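Here is a short walk through one structure, written for someone who likes to look at residues and helices by name. Keep the view open as you read.

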Amino acid sequence: MAETEDIFLRAKHRTFSGLSEDIEHEWTGPFYFIQAADPQLGLMKAWREGDCDGGGDEWAEEVELTKRAVEAMNRLRPRPRFMVLCGDLVHAMPGTPFRDDQERDLKMVLKGTDPSIPLVFVSGNHDLGNTPTPTTVEQYCSAWGDDYFSFWVGGVLFLVLNSQLYFDSSACPQLREAQETWLDKLLSKVSSSSQPKHIVVFQHIPLYVKKPDEDDDYFNLQREVRQKLMERFNKAGVKAVFSGHYHRNAGGRHGGLDMVVSSAIGCQLGQDDHGVRVAVVTADRVVHRYHSLERLRTEGMDEDLRKLL
């Protein structure tokens, strides 16, 4: 395990230690990043067998798909500034069989990422448990880095949130309060000082899947919670929220806030291909498109996106 740890130190702590904060506060021109979600090692067989409450006793398919994602990303020129994995890194819940082995195998695959591409990790419900506890959050942080933090890249402020604390914090209310306090202070500081070129949020559970007033569901945040978050994000000038969890591509736009729901590297619950999203950040917008792993490997990013760089 020690051999795999270096690449996971980049997103430890409340700031992104893989990049120089002073330099990265300044806008230096367009760049792009890769957003992926739900490698979720172990789900594909469990889903086929109708036993998703189990941890999944086989995950070779997901390992291979994640390997393809890493290889496709490594081939891109210019290289992305970073890759973010928006949760459900593995399928086995905390404290269940296969958990340690799934995490070990995922880390081994991710170790193949080119060293010039920092990795950012976002916690999902399978990473923390549907009802997280202080213990499961601490276990996640020990394995993957902080469950919420901020970092700057090229004049853009990125926020990583623990969406499970918004979905069900009944077993750890103090952790939700801590994240809320941190977020309020951060957004207040941004609004009272010079504005970043953009603010972008990463979380696992979408605010909504298709429209802001949709009914509460397993795949979205509760309506009252999502409305409050959307109000805070809009007030702070957040440009986009990127998420996973749905295992299908979805999302929408409301009040200038782009809700981006990306399908999975791993198990697909709809008609999408296994893939990742390429997001180009320009001076005035964030342009993004989902690419299948095969298409990204053989053709690279779409030419119209490349021309924005």
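Let us start with Gln-40, which is buried because its relative accessible area is 3% (buried means under 20% relative accessible area, exposed over 50%, partly exposed in between, with a 1.4 Å probe and protein chains only). Gln-40 sits in the loop between S1 and H2, and has a positive phi of about 40 degrees although it is not a glycine. Helices here are DSSP runs of H or I with at least four residues, and strands are runs of E with at least two, numbered from the N terminus.

A word on the source: this is a predicted model, in which local features need pLDDT of at least 70, side-chain atom pairs count only at pLDDT 80 or more, and totals for chains, interfaces and linings use all residues. Residues are numbered from 1 along each chain as its sequence is written, and side-chain values use heavy atoms, with hydrogens and water left out.

| Residue | Loop | Relative accessibility |
|---|---|---|
| Gln-40 | between S1 and H2 | 3% |
| Gly-124 | between S3 (119-122) and H5 (125-128) | 0% |
| His-247 | between S7 (238-243) and S8 (250-254) | 3% |

His-247 is not a glycine, yet has a positive phi of about 60 degrees. Gly-124, leaving aside neighbours within four places in sequence, is in contact with Gly-87, Asp-88, Gln-164 and His-204 (contact means heavy atoms within 4.5 Å).

Now to helix H3 (residues 60-74) and helix H4 (residues 99-110), whose axes come within 9 Å and cross at roughly 25 degrees. Axes are lines fitted to C-alpha atoms, for helices over the stretch in contact, and angles run from 0 to 180 degrees between N-to-C directions. H3 and H4 are therefore roughly parallel to each other (angles under 35 degrees count as roughly parallel, over 145 as roughly antiparallel, 65 to 115 as roughly perpendicular and the rest as oblique). From H3, Val-63, Thr-66, Lys-67 and Val-70 make the contact, and from H4, Asp-105, Leu-106, Val-109 and Leu-110.

H3 also has buried residues, among them Leu-65, Ala-69 and Met-73. Their cover includes S1 (31-36), H2 (43-48), S2 (83-86), H4, S10 (275-281) and H10 (293-299).

Finally, look at the loop between H3 and S2, where Pro-78 lies. The peptide bond from Arg-77 to Pro-78 is cis, with omega near -10 degrees.
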